[in-house]
Amino acid sequence: MADKIKLFVNGEEVEVESGKNLVDAVSAVGIEIPHLCYHPALGADGNCRMCLVGLEEGGPPLVPACKTPAQEGMKVLLDAEHIRKIQHDVMEFELINHPIDCPVCDQAGECKLQDYYMGYDRKDSRMTVPQVTKSKKLDFGGGVVHDQERCIVCGRCVRFLRQITKTGELGIINRTDTARVNIFPGRPIDNRYGLNVVDLCPVGAMTSSDFRFKQRVWFLKKVPSVCHGCAKGCSITIDHNREKYQDDIIYRFRPRLNQQVNGYFMCNDGRLSYRRENEGRLTQFRLGKNERDMLDVITGCNKEIAHSRKTVVLVSPDLSLEQMVSVKALAEKLGATLSGFSDGYIKTGDGDDYLISDDKAANRKGLEILGIDSSRKSFEEAMADAELLINFNNDLSLSYDESGIRSLLGDTRTIACSTHDDELTGQAHFALAISSYSEYAGTVINCDNVLQHFTKAVTKNNELPDVCAIAAELGSPLQNAGQAYAELQRAIGALSEYQPADIPAEGLNLNDSEAANVTA
Amino acid sequence: MGAKVKTIARRGSTLQERIFLIEIFKGMATTFGHFWRNLLDNSKLYVRHYPEVKPEIPVRWRGRHRLTSHEDGSVKCVACFMCQTNCPAQCIQIQAGERLDGKAEKMPVSFNIDLLECIYCGYCVEACPLDAIRMDTGIYSVTGKDRESFNMGIDDLLAKQGAFTEEDYKKGGA
């Protein structure tokens, strides 16, 4: 914990952390200093002048708060007459050439210009000369659409691409009225984190071609969750909405601040992985090729399980810890071989040293911590004489090619519990639709041993059971996710004092608690 | 402050009133008086011969909606969703798409109003920043043979013109 210092804001004493600038320090205690160009991840630039605050006694009378470190005994003026005037004047300046096309702007509703206009300006424009017009709807590549008229030239996007991705595709060209952000000719934004500039842009100058015009942001329900795109497990916000007479669908993922995992950003692949939650889903329960009632299929499965002399249970490394515990209990009850074989989920060389991991499985650490064997050898040995394979959403097509799967399965009967409808599910003797991670609550551990809990975001019209419920129907002694969590608390010592709702939003770092204390 | 109290004498206690028959006949006399007078001469009747004679609709009457268009016939709406956001009955459903005619960036691909759900409050008209939706068609009677016919699509909404001149409409407070 950093040292605390005391300073005064508008004459009131507040205690803040030392070593931060004024914007961050006082925002931690709930006092907002308006700022446009400053972003904690990109550092202070000081070009927008929106964060100018007054200092009583000592130092210059006016300082940019983003570039001023908080110091003991500082007397900061925020609501003085002359500061208000500065804020108002800066806003008036920012809005001189603003096209005010909020009705067609995707940023409307989460736009800093709108917020600050309402908070600090609230005056009509005094412009009597024609506005400067610039280019609109420029395709910057990488799914980014740029509108130069809306741009306030804060340079956040430029700094992001220079400092964080170090690709530097964007630059600000020309000066004053003609200053604009642009790409170099023929060199579009081409990196795997490019879409973060859409979030970074405080106004509507950068919009995502993927989300463009799909939905107004105030309709979206925002639920914190965890990305399942790779083993990094970035904290995200799921923005979803159910339109009238339609199904609840996800419109976008946005990164959620988590200093322990992903900071402020996430990769493009993860951001666009929301599509997989909406599309290609398995929604039926099938006996062979025929759609049946869920209970009929479960009854069929239970008969099959009773007849089988050797059963193999395969789990996906994407399942939550609760689900893994349920499936493990099921396998123990059935006397079946449990495997988490999923070598195909690892794409060697795909990852980088930032937020993308080679391993595309969200919870491989969970398999390890629960002691579920994931080796190819033991899985194939078990499959050699298996009569029945119960597959909990493990995508075998990632690990084997078509002939490989055929020789692996042989004449083994299969029960496929799957979120998505693919060829393997189509060939399965029993197919059971299960909910995907946006539709259940659970806990996952990322590649850095950070345990995060996520809640249920989407409620489909046709709600599907989750793996815990299916496992219970097939004979697992754990009846629901709650019981599975209690079991999980016994397996992971660090969880014993936490209920799911109490797990901090930043997650629990098992490295510095008691990863060694794992008993399972 | 106490309200003004006016005391009204209670009637019905005299002998004549308590023998109901007399009062009934007095009442019937009034009724039949009107009946015969109206039967013989209905020119003074306070009744409109609807639907042969239609009422005059004031400009500010909130009738069935329409979408307005530019002079070249293209739709004014830019799909900002203000009307859908403001609609208390949630009867408006819009889908937005890219606009390529240079008038704006965005336009409605579909714009549906379910007239069975609409409460004709006029909030959509108030919310519209572009005067793209109006309730000035003068249609006060919406009829149909099935539910689907009450679901107005973008073409239905664009087809109808306003029932008043632009000048009168503006005078009406728009």
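A word on residue classes before we click: Ala, Val, Leu, Ile, Met, Phe, Trp, Tyr, Cys and Pro count as nonpolar, Asp, Glu, Lys and Arg as charged, and the others, Gly among them, as polar. What you see is a predicted model, where local features need pLDDT of at least 70 and side-chain atom pairs count only at pLDDT 80 or more, while totals for chains, interfaces and linings use all residues. Residues are numbered from 1 along each chain as its sequence is written, chains are lettered from A and ligands numbered from 1 in the order in which they are written, and side-chain values use heavy atoms, with hydrogens and water left out.

**Stop 1: chain A**

Select chain A. Its C-alpha atoms fill a box of roughly 85 × 50 × 40 Å along the principal axes. Colour by secondary structure and you get 16 helices and 23 strands (DSSP runs: H or I of at least four residues for helices, E of at least two for strands). Of its 520 residues, 55% count as buried, meaning under 20% relative accessible area with a 1.4 Å probe and protein chains only.

Now pick residues 220-281 of chain A, which an unreviewed UniProt entry annotates as "domain: 4Fe-4S Mo/W bis-MGD-type"; such annotations may be inferred rather than shown by experiment. The span is 16% helix and 35% strand, and its end C-alpha atoms lie 22 Å apart.

**Stop 2: a cysteine gathering in chain B**

Select B:Cys87, B:Cys118, B:Cys121 and B:Cys124, which carry the annotation "binding site" in an unreviewed UniProt entry. They span 38 residues in sequence, yet no two of their C-alpha atoms are more than 10.5 Å apart, so they gather at one spot.

Zoom in on B:Cys87, in the loop between α3 (82-86) and β2 (92-98) of chain B. Is B:Cys87 buried or exposed? It's buried, at 11% relative accessible area.

Next, B:Cys118 sits in the loop between β3 (106-114) and α4 (123-127) of chain B. B:Cys118 is buried too, at 12%. Leaving aside residues up to four places away in sequence, B:Cys118 touches B:His65 and B:Cys91 (contact: heavy atoms within 4.5 Å).

**Stop 3: the largest cavity**

Finally, select B:Cys77, B:Cys80, B:Cys83, B:Cys128 and B:Ala132, which lie nearest the centre of the largest cavity among its 15 lining residues. A cavity here is a set of points on a 1 Å grid over the protein atoms alone where a 1.4 Å probe fits but cannot get out, and lining residues have an atom within 4 Å of a point. The largest cavity has a volume of about 90 Å³, and its lining has 15 nonpolar, no polar and no charged residues.

Technical notes:
1 Å grid on protein atoms, 1.4 Å probe; cavity = no way out; pocket = protein on both sides within 12 Å on 5 of 7 lines; lining within 4 Å. Points joined across faces, edges and corners; volume = space filled by probe spheres on them. Buried < 20%, exposed > 50% of the residue type's maximum accessible area, 1.4 Å probe, protein only.
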